[in-house]
Amino acid sequence: MINMSNRRKIYRYIGIAGLSLIYAACRIPPLAESTANKNVPTAFGTDSITDTTNTAKVVWRDFFQDQYLKNLIDTALKNNQELNITMQEIEMSRNEIKARKGEYLPFVGVKAGAGLDKVARYTSRGASEATTEIKPGKEMPDPLPDYLVAAYATWEVDVWHKLRNAKKAAVSRYLASVEGRNFMVTHLITEIADSYYELLALDNQLSIVKQNIAIQQNALKIVRLQKEAARVTELAVRRFEAQVLSTQSLQYDIQQQIVETQNRINFLLGRYPQPIARSSEGFEKLPPLAVQAGLPSQLLINRPDIRQAELNIAAAKLDVKSAKARFYPSLDISASIGYQAFNPSFLLNTPESLLYSIGGDIMAPLVNRNAIKAEYVNANAKQIQAVYDYERTVLNAYIEVANQLSKMDNLEKSYTLKSKQVQALAQSVNISNDLFKSTRADYMEVLLTQRDALEAKFELIETKKQQINARINIYQALGGGWE
């Protein structure tokens, strides 16, 4: 039974703990919480399209039709080192959840020990033990052995959900890391596709250069014949030779770009340089990749980086709650049970060798709480920072899509005009050659026409490549390209 004096002590302790709780709760610094603005325009640009069909829902295997490109992407998703590094970071985030979960569960352990204790005879303890008999006729051993086998447990009772909120924050960060990996996949697929079509464009430009070299060499032969017939001067011959050499030099520049582009793809695939399998025929006639932008609000669901930013907000808010709980008293419970004796033969004697204990501690910060306050203020600042990051990510996603939609429209118009330009200049080359043969045109007209035709063909190939890249980029901007 608990006597009156002990009861008063217990009530006093409870009263002190209650006052500590009130004091701590009243002294928490007030902070302003920020809420993310999730409002987006109803359409991209000035158009008022309300079609919800969205290309982001199309998996990349169906979006890309080139089997060579699909094989490259498959290899990259397995071997890309940066992606594999991210996978390990996800694994670390998963383990962080286990660590946070373990903090609010009881910790149970087992311990065993042995020792020897020799007490000086002329001390109060030594004198007391020297006159103590374990049982009649048997004195306390000197020195005194000590053997112990016990189980013990400690547990911080998560009254204010400080530890549970920390665990939930770890879960949100794990999910955010998964979304970060998905966003990296979209970038990786986009970069490989862009580089692949750049390689096809370079192949076609190289083919055009070789065709022009053949045309220019044939024109050079004609000029030399005309020079022998005294119809042109040596200057014309030299100018045509210079044109041929310039175009031949351009051929090697393109070949170097092809090597570097192939090696860029190989790096993304996590392998050493080797030829990239591809089919470059019919590049100029490749059908445009079909793209439907859908609604801006769908970006909030489809874009992995936006979902990652949203999960970071959730984690930051939980961090604030966890930091706030540190102002409140914490309740720790500890317990142990086991056997202890000076002789192993007595170790399991019950109840003589049995020992057990249980206790609880309530601790509350009262003085010098600057560290807790600083952690709380920093947690709130990070939460506000996460809100700004979310809003910036949403704004960036909207602008990316709007830019690519405009780019697709303008490139389509530009490609149509450049196609007509190439056709006109191709006819001009034939006309200028015929006129030059009949001495009705100057050799400079032939040279300039050939140069303009070559540049126009290059620009047409470049515009086609930009058309394809714009559709790839908007596919990624809409949130497509990951599984």
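**Close-up views of a predicted model**

View 1. One of the positions to look for is Ser334, whose bridge partner in β6 is Gly359.

View 2. The open sheet is formed by 4 strands, which follow one another in the order β1-β4-β5-β6 with antiparallel pairing. Strands β1 (107-117) and β6 (354-363) stand at the edges and have a single partner strand each, so one side of each is left without a neighbour in the sheet. From one strand to the next, the twist averages 20 degrees.

**View 3. Helix α3 packed against helix α6.** Helix α3, made of residues 67-79, and helix α6, made of residues 162-228, pack at an angle of about 140 degrees, and their axes are 10 Å apart. Because angles over 145 degrees would count as roughly antiparallel, an angle of about 140 degrees makes α3 oblique to α6. The crossing of these two helices, α3 and α6, is right-handed. On the α3 side the contact is made by Tyr68, Leu69, Leu72, Ile73, Ala76 and Leu77, while α6 contributes Val185, Leu188, Ile189, Ile192, Ala193, Tyr196 and Tyr197. Sorted by class, the residues of this contact between α3 and α6 comprise 13 nonpolar, no polar and no charged.

**View 4. Helix α6 packed against helix α9.** Helix α6 also packs with helix α9, which spans residues 304-325, at an angle of about 165 degrees and with the two axes 8 Å apart. That angle makes α6 roughly antiparallel to α9, and α6 passes α9 in a left-handed crossing. The residues in the contact of α6 with α9 divide by class into 12 nonpolar, 8 polar and 8 charged.

View 5. An unreviewed UniProt entry lists residues 73-100 and 444-471 under "coiled-coil region". In the model, the chain over residues 73-100 is 96% helix and 0% strand, and the C-alpha atoms at its ends are 37 Å apart. For residues 444-471, the span is 100% helix and 0% strand, with its end C-alpha atoms lying 41 Å apart.

Key
Residues numbered from 1 in each chain as written. Predicted model: local features only at pLDDT ≥ 70, side-chain atom pairs only at ≥ 80, totals over all residues. Heavy atoms only, no water. Axes fitted to C-alpha atoms, helices over the stretch in contact; angles between N-to-C directions. Parallel < 35°, antiparallel > 145°, perpendicular 65-115°, else oblique. Left-handed = near helix turned anticlockwise from the far one by under 90°. Contact = heavy atoms within 4.5 Å. Nonpolar A, V, L, I, M, F, W, Y, C, P; charged D, E, K, R; others polar. Pairing = 2+ DSSP bridges. UniProt positions renumbered as here; feature names shortened; annotations may be inferred.
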